[in-house]
Amino acid sequence: MVMMDMINSVLNWVVPPASLVTLALSWPALTFINTCEWLYYSIYTEDMDHKVVVVTGASSGIGEQIAYEYAKKRANLVLVARREHRLHGISENAKRLGAPNVLVMAADVVKEEDCRRFINETIGFFGRVDHLVNTASLGHTFYFEEANDASVFPILMDINFWGNVYPTYVALPYLRQSHGRIVVNVAVENWLPLPRMSIYSAAKAALVNFYETLRLELNGDVGITIATHGWIGAEMARGKFMLEEGADMQWKEEREVQASGGPVEEFAKLIVSAAVQGNAHVKFPSWYDVFLLYRVFAPDVLTWTFRLLLSHQGMRTTSYIGTGRSVLETPSPPRRLLTGGTHTVPHTSSRHTTPRIQLLNE
């Protein structure tokens with residue numbers, strides 16, 4: 001035990017500077033190798049003509065735009081979402097853009113049986129799966145301690161984590177046969193924790209670690225492209241990280257947000273381009289990477305910045321967007337403990353606010 005402590009103490013002093021020196025010396029060679037890889041994959045891209053692409057969360061937003069980009073490459077599409085009526089219009093658009101065949105399937109990706117059904121139907125019709133694109137996601141903007149209903153926590157984890165894992169689990173044997181690819185849509189919050197997004201950030205971090213581990217297990221038999229986005233398109237307009245009044249308990253389902261044009265389309269193009277080029281990662285916008293330096297070398301700077309941004313806030317209201325739940329009561333304000341004698345009891349402020357309710361049309 002003493003020997004191990006001594007070894008760790010020495011390594012704590014030696015490894016960090018030695019790694020930085022090694023990285024600095026090898027940087028020119030790594031840059032050259034990366035440039036050669038970029039040139040190679042830019043020239044020799046995967047031909048998607050008549051290949052089969054399954055897109056989950058395809059009823060709107062980034063999923064819809066990704067479907068259109070694959071359609072332009074003449075891929076056969078399988079569009080999956082809960083709202084089948086939305087998928088029919090998207091199917092017609094995809095056909096006009098060049099998709100030879102488009103299947104529409106209503107399914108809930110958090111249910112393994114639904115995932116097994118739409119994958120089996122895909123195999124039954126096309127006989128193969130080449131790309132699986134997971135875009136289903138559910139975001140929130142509330143302080144963890146102010147959530148008045150803990151039953152929504154599993155909903156967030158189900159959609160953001162299991163809603164990607166289940167389709168992957170079911171499709172993986174067929175992706176191995178075709179030496180296909182998995183594309184997963186995540187957010188910068190997976191490594192850059194932001195206030196009021198605790199559960200969402202945790203789910204996205206778990207998702208990225210799952211796919212990075214799976215990449216090693218598959219050993220190149222199936223490719224994986226992890227697409228990381230910042231605050232783009234409709235997300236900023238719809239309250240992904242709002243600071244104004246009424247934002248603390250706003251819910252939105254990203255796969256149900258109407259989003260088109262501008263950054264959303266651009267991100268979709270980057271994702272599909274990265275997938276056919278065999279890239280492991282794609283980021284939009286890429287300048288977010290600079291925050292990695294702050295997180296590693298000056299984490300207090302990020303902490304101070306967020307405290308400054310959130311120092312002045314208005315009254316808070318509740319909205320359960322995209323969860324299929326009704327709001328029946330005003331959210332509880334931050335809970336405090338009052339200590340009297342030997343008893344400690346929870347206490348909340350008597351201040352009461354009237355909630356503004358916002359619901360998506362189902």
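This is a predicted model: local features need pLDDT of at least 70, side-chain atom pairs count only at pLDDT 80 or more; totals for chains, interfaces and linings use all residues.
The crossing of α2 past α3 is right-handed. On the α2 side, the contact is made by Glu64, Tyr68, Ala71 and Lys72. On the α3 side, Arg86, Ile90, Asn93, Ala94 and Leu97 take part. Sorted by class, this contact of α2 with α3 holds five nonpolar, one polar and three charged residues.

Now the chain as a whole. The protein chain contains ten helices and twelve strands. Of its 362 residues, 44% are buried.

Gln65 sits in helix α2. Is Gln65 buried or exposed? Its relative accessible area is 6%, so Gln65 is buried. Between Gln65 and Glu265 there are 200 residues in sequence, yet their C-alpha atoms are 6.0 Å apart in space.

Next, the pair α4 and α5. Helix α4 spans 112-126, and helix α5 spans residues 152-178. The axes of α4 and α5 come within 8 Å and cross at roughly 30°, and α4 and α5 are therefore roughly parallel. Here α4 passes α5 in a right-handed crossing. From α4, the residues involved are Glu112, Cys115, Arg116, Phe118, Ile119, Asn120 and Ile123. They meet Tyr166, Pro167, Tyr169, Val170, Ala171 and Tyr174 in α5. That contact of α4 with α5 divides into ten nonpolar, one polar and two charged residues.

Helix α5 also packs against α6, which covers residues 198-218. The axes of α5 and α6 come within 8 Å, with a crossing angle of roughly 15°. That makes this pair, α5 and α6, roughly parallel. The crossing of α5 and α6 is right-handed. Among the α5 residues in the contact are Phe153, Leu156, Met157 and Phe161, and those of α6 include Ile199, Tyr200, Phe210 and Leu214. By class, the contact of α5 with α6 has 15 nonpolar, three polar and three charged residues.

Where is Asp130? Asp130 is in the loop between α4 and β4, with β4 at 131-134. The relative accessibility of Asp130 is 1%, so Asp130 counts as buried. Its side chain makes a polar contact with the side chain of Arg128, at 2.5 Å. Setting aside neighbours within four places in sequence, Asp130 touches Lys51, Val52, Leu175, Ser178, Gly180 and Arg181.

The other is His229, in strand β7, which runs over residues 223-229. With a relative accessible area of 2%, His229 is buried. Which backbone oxygen does the side chain of His229 reach? The one that belongs to Val186, at 3.3 Å.

Technical notes: Residues are numbered from 1 along each chain as its sequence is written. Side-chain values use heavy atoms; hydrogens and water are left out. A crossing is left-handed if the near helix is turned anticlockwise from the far one by less than a right angle, and right-handed if clockwise. Helices (H or I, at least four residues) and strands (E, at least two) are DSSP runs, numbered from the N terminus. Contact means heavy atoms within 4.5 Å. Ala, Val, Leu, Ile, Met, Phe, Trp, Tyr, Cys and Pro count as nonpolar, Asp, Glu, Lys and Arg as charged, and the others, Gly among them, as polar. Buried means under 20% relative accessible area, exposed over 50%, partly exposed in between (1.4 Å probe, protein chains only). A polar contact is a pair of N or O atoms within 3.5 Å; within protein, one must be able to donate a hydrogen and the other to accept it, and residues adjacent in sequence count only if both atoms are side-chain atoms. Axes are lines fitted to C-alpha atoms, for helices over the stretch in contact, and angles run from 0 to 180 degrees between N-to-C directions. Angles under 35 degrees count as roughly parallel, over 145 as roughly antiparallel, 65 to 115 as roughly perpendicular and the rest as oblique.
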